[in-house]
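Reader: I am new to this structure and would like to know what stands behind the words used to describe it. Could you take the terms one at a time?

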Amino acid sequence: MAEICTHLVVSGRVQGVWFRRFTQEHAQSNGVTGWVRNLADGRVEAMLCGDERAVRHVEAWLNRGPDSARVTSVEATDVSPEQFESFEIRADA
């Protein structure tokens with residue numbers, strides 16, 4: 001399967017509900033690398049890289065989020081593959 005990277009911006013009630021931590025756990029358990037961070041406007045931004053099937057699985061999960069979140073939209077754009085060592089939670093933008 002091909003290696004891909006997808007940049008996502010998640011809108012809704014996605015901050016203050018453990019969204020970044022759940023994203024990190026889901027990415028790590030699927031072998032996906034990249035990062036996630038809060039944006040100043042209340043959205044969450046993420047970069048997912050790895051096996052296409054694994055990235056798509058995590059992307060699908062982000063459309064739901066953890067139980068306490070309320071995802072209203074996810075903007076996803078495939079981008080040129082990048083190499084990351086792991087999946088990290090970055091400082092807020």
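Predicted model: local features only at pLDDT ≥ 70, side-chain atom pairs only at ≥ 80, totals over all residues.

Reader: Where does W61 lie, and what does W61 touch?

Author: W61 lies in helix α2, residues 52-62, where helices (H or I, at least four residues) and strands (E, at least two) are DSSP runs numbered from the N terminus. Not counting residues up to four places away in sequence, W61 touches F22, T23, H26 and P66, a contact being heavy atoms within 4.5 Å.

Reader: Why is H7 called partly exposed?

Author: H7 has 21% relative accessibility and therefore counts as partly exposed. H7 belongs to strand β1, residues 3-13, and, leaving aside neighbours within four places in sequence, is in contact with E45, A46, M47, E75, A76, T77 and V79. H7 and S80, 73 residues apart in sequence, are 9.8 Å apart in space from C-alpha to C-alpha.

Reader: What makes W18 exposed, and what is said about its phi?

Author: W18 counts as exposed because its relative accessibility is 64%. This residue is in the loop between β1 and α1, and W18 has a positive phi of about 65 degrees although it is not a glycine. As a general rule, most residues other than glycine have a negative phi. A positive phi, near 75 degrees, is also found at G31, which follows α1.

Reader: Which residues of helix α1 are buried, and what do they pack against?

Author: In α1, which covers residues 19-29, the buried residues are F19, T23, Q24, H26 and A27. They pack against β1, β2 (33-38), β3 (44-51), α2, β4 (70-79) and β5 (87-89). For orientation, the elements of the protein chain run β-α-β-β-α-β-β from the N terminus on, which comes to two helices and five strands.

Reader: Which residues does the "active site" annotation cover, and how do you know that they gather at one spot?

Author: The UniProt annotation "active site", from an unreviewed entry, covers R20 and N38. They span 19 residues in sequence, yet no two of their C-alpha atoms are more than 7.8 Å apart, so they gather at one spot. UniProt positions are given in the numbering used here, feature names are shortened, and annotations may be inferred rather than shown by experiment.

Reader: How do you know that the size of the protein chain agrees with a compact globule?

Author: A compact globule of 93 residues would have a radius of gyration near 12 Å, and the protein chain has 12 Å, so the two agree; the radius is taken over C-alpha atoms, and the globule rule is 2.2 Å times the number of residues to the power 0.38. Along its principal axes the C-alpha trace spans about 35 × 25 × 20 Å. Of the 93 residues, 41% count as buried, and among contacts between residues at least 6 apart in sequence, 79% join residues at least 24 apart.

Reader: What does the domain annotation cover?

Author: According to the unreviewed UniProt entry, "domain: Acylphosphatase-like" covers residues 5-91. Over residues 5-91 the chain is 25% helix and 41% strand, and the end C-alpha atoms are 20 Å apart.

Key: Residues numbered from 1 in each chain as written. Heavy atoms only, no water. Buried < 20%, exposed > 50% of the residue type's maximum accessible area, 1.4 Å probe, protein only.
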